[in-house]
Amino acid sequence: MQPGRLTLSETNSLVAHQFETLEQQHLAGWLGMWIFLATEVMFFGGMFAGYALYRWAYPGAFAAASRELEVLLGATNTLILIVSSLSMALAVHSAETGRRQRLIGFLLVTMALGAAFLGIKGIEYLQKFEHHLVPGSGFVFAAPFQRTAQIFFSFYFALTGMHALHMLIGEGLLTALVIRAWRNAFTPEHHAAVEITGLYWHFVDIVWIFLFPLLYLIERHR
Amino acid sequence: MTTQTITPRMYVAVFAALATLTLVTTGVAYIDLGVFNPVAALTIAVVKATLVVLFFMHVWFRGKLTWVFIGAGVLWLAFLIAFTLSDAVTRPWIPIPTPWTGSALYPGGPGSGGAER
């Protein structure tokens, strides 16, 4: 028997009774995650549609309010998430090739980058509170957009807040993967959880890829 | 379900493309392209998302069944945004009785650029 290969009985113990083979089980999990991600597209899509509607109705207020966001922090966070996606992809590759230490290492790097993203997001939120840019009675904005700029910031907090919540859930999922990898739960034949969690992490990255230009980069040339 | 055809070098190449496009989209935002600024921003975002889906998410290397679910997500997102905007954009084409024109969403008429408060 090849080292690192599973015996037939070991393989059978990993396959749930409704599946014929480990590969079929992996495919079912893969498609299940894609179906969930399609519902996530609808979830974020509702907010994106609302954003499009109000940006069209109040172009001046959206441009003026967008200029209050710090492009440097937004761009840095975009790059951090892209590096974290690379690290996640390399973690999946490590699981496929059966390298446990590398798998744990890349998962930890991904988690650290996710935490850095959330830290920078926290700094930005703090600045918004300090600059009176949180919608509500304390909101202060230059005329003539005192009221309509609040609509932009409502979308800003709703979209980035839901995205940050997804990042937090991702950090939890990665923690579970690290623990399972530590306990030697993954082999080249059995690593579906790593790949499927990777799909989720990459999806959250894609949401931010759209949020960055739509929130931070409106009419910057003026 | 393994994807042995993908090498770490390919992942790094995709990452380099994504990082470059992030810098491009930031730079382009500071150039006045008129109505094409949002078009450029969204085009670059779609290209970046496609790279992530095809390579980081392994869709390029897997069966066609995944495309059914991706296609469904993208199609319904397009419906959601297109029909929402087509309603809002076409409303002023039909005369509306005067008491209704001062709605919260459309002060002074939608898209007229007037009376944003």
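Tutor: Before we begin, helices (H or I, at least four residues) and strands (E, at least two) are DSSP runs, numbered from the N terminus. This is a predicted model, in which local features need pLDDT of at least 70 and side-chain atom pairs count only at pLDDT 80 or more, while totals for chains, interfaces and linings use all residues. Residues are numbered from 1 along each chain as its sequence is written, chains are lettered from A in the order in which they are written, and side-chain values use heavy atoms, with hydrogens and water left out.

Student: Where do Trp30(A) and Trp34(A) lie?

Tutor: Both belong to helix α2 of chain A, 4 residues apart, which is about one turn of the helix.

Student: How is a pair of aromatic rings described?

Tutor: One gives the distance of the centres and the angle of the planes. Rings of Phe, Tyr and Trp (its six-membered ring) pair if their centres lie within 6.5 Å, and planes under 30 degrees apart count as stacked, over 60 as edge-to-face and the rest as tilted. Over all chains the count comes to 23 aromatic pairs. Trp30(A) and Trp34(A) are edge-to-face, at 6.0 Å centre to centre with 65° between the planes.

Student: Why does Trp30(A) count as buried?

Tutor: Buried means under 20% relative accessible area, exposed over 50%, and partly exposed in between (1.4 Å probe, protein chains only). Trp30(A) counts as buried because its relative accessibility is 0%, and Trp34(A), with a relative accessible area of 5%, is buried too.

Student: Which side chains meet in a salt bridge?

Tutor: A salt bridge is a side-chain nitrogen of Lys or Arg within 4 Å of a carboxyl oxygen of Asp or Glu. Arg62(B) and Glu195(A) meet in this way, at 2.9 Å from N to O.
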